Amino acid sequence: MISRPGPMKYEILPNLTLPKIGFGTWKIGGESSPDPNVEAISLAALRSALELGYTHLDTAEMYAAGHAEELIGQIVRQLRLKRESLFITSKVMPSHLKYDQILNSCDASLRRLQMDYLDLYLIHWPAPGMRLEDSFRALNKLVRDGQVRHLGVSNFDVKLLKRAQAFSETPIITDQVPYSLSDRSYVKNGVLEYCQQNDILLTAYSPVDQGHFRVSKTLRAIAQAHSAAPYQVAIAWLVNQPRVVTIPMSLNPVHIRENRDAADLRLSEAEMKQLAGAPRGL
Ligand SMILES: NC(=O)c1ccc[n+]([C@@H]2O[C@H](COP(=O)([O-])OP(=O)(O)OC[C@H]3O[C@@H](n4cnc5c(N)ncnc54)[C@H](OP(=O)(O)O)[C@@H]3O)[C@@H](O)[C@H]2O)c1
């Protein structure tokens, strides 16, 4: 039986509504190839996430060489979840950005997931010398043919993001980039501001620095004041910002729940500023 707690906070765009917090799947099922040693724990983590009410799952053809997608498909079928209750993001890798390669990659992702459409399909990284116009001819076709609902990009700077917008027949709904209290590179390069001004979601990946997040004194004090875990406050700091959503990954059901609940933490303007200004590790 799936318990569905109250709705998570959402980010509302003109053409879709997305939960502020989704579930990342890098290292689910393995890293660069399938790893039998993490099979059981990965399936258990996916099951926990779905039972705890996560509906946005972020994956990629690259994750465990496609095995992360297979495990998502497997658990969704086991739990008998309705496809339309989920929002599935996948990504095409930089070495597959030619027209035919993109069509083949998307087909392969859908086969592994055993689903007939993706909610969101991203270019995982820009590739040197890529012909973005050619890539978007394929991506636009996938949307027109119904295999993909929405398009986005990942690790794109403002200049590339604008080029993607120019070639896409449908709105680019996200740029997925690293963003955490300790990594502000996509604030500095203007991507966050550009997204906020143009109805594009900034999807923050590695929101807790892949588990190596250093807890500052400021963060610890604010966490105590909210009776929350410091990692929750680090995630809440992200999702308290307009147009920012995030996709933390965890294999630990306690952390999976904590990360979900971070969406309910309301930080004051003063706390947001204090956290933004706190030097790393102090
Ligand atoms: N587009 C891209 O290029 C790109 C790049 C990297 C990642 N991503 C996506 O973004 C997702 C998230 O990023 P990430 O996996 O790199 O890093 P992350 O979510 O910042 O960190 C994951 C690590 O943090 C630990 N963790 C998570 N929540 C925790 C909590 N509440 N308390 C303590 N530890 C916690 C987890 O360990 P435990 O298992 O012990 O909880 C795990 O080892 C990925 O899974 C992937 O879907 C995209």
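The largest pocket of this predicted model holds about 720 Å³ of space, where a pocket is an open set of points on a 1 Å grid over the protein atoms alone, with protein on both sides within 12 Å along at least five of seven lines, and lining residues have an atom within 4 Å of a point. Of the 29 residues that line the largest pocket, W26, K27, S206, Q210 and M249 are the closest to its centre. The ligand sits in this largest pocket, which by definition requires that more than half of its atoms lie within 2 Å of the grid points.

Residues are numbered from 1 along each chain as its sequence is written. Because the model is predicted, local features need pLDDT of at least 70 and side-chain atom pairs count only at pLDDT 80 or more, while totals for chains, interfaces and linings use all residues, and side-chain values use heavy atoms, with hydrogens and water left out.

Around the ligand there are 28 residues, and D58, S250, L251, H255 and N259 come nearest, a residue being near if one of its heavy atoms lies within 4 Å.

| Residue | Distance to a ligand oxygen atom |
|---|---|
| T25 | 3.2 Å |
| P207 | 3.2 Å |
| V208 | 2.9 Å |

Taken alone, the ligand exposes 890 Å², and the protein buries 86% of that, with areas from the Shrake-Rupley method and a 1.4 Å probe.

Note on methods: Polar contact = N/O pair within 3.5 Å; in protein donor to acceptor, adjacent residues only side chain to side chain. 1 Å grid on protein atoms, 1.4 Å probe; cavity = no way out; pocket = protein on both sides within 12 Å on 5 of 7 lines; lining within 4 Å. Points joined across faces, edges and corners; volume = space filled by probe spheres on them.
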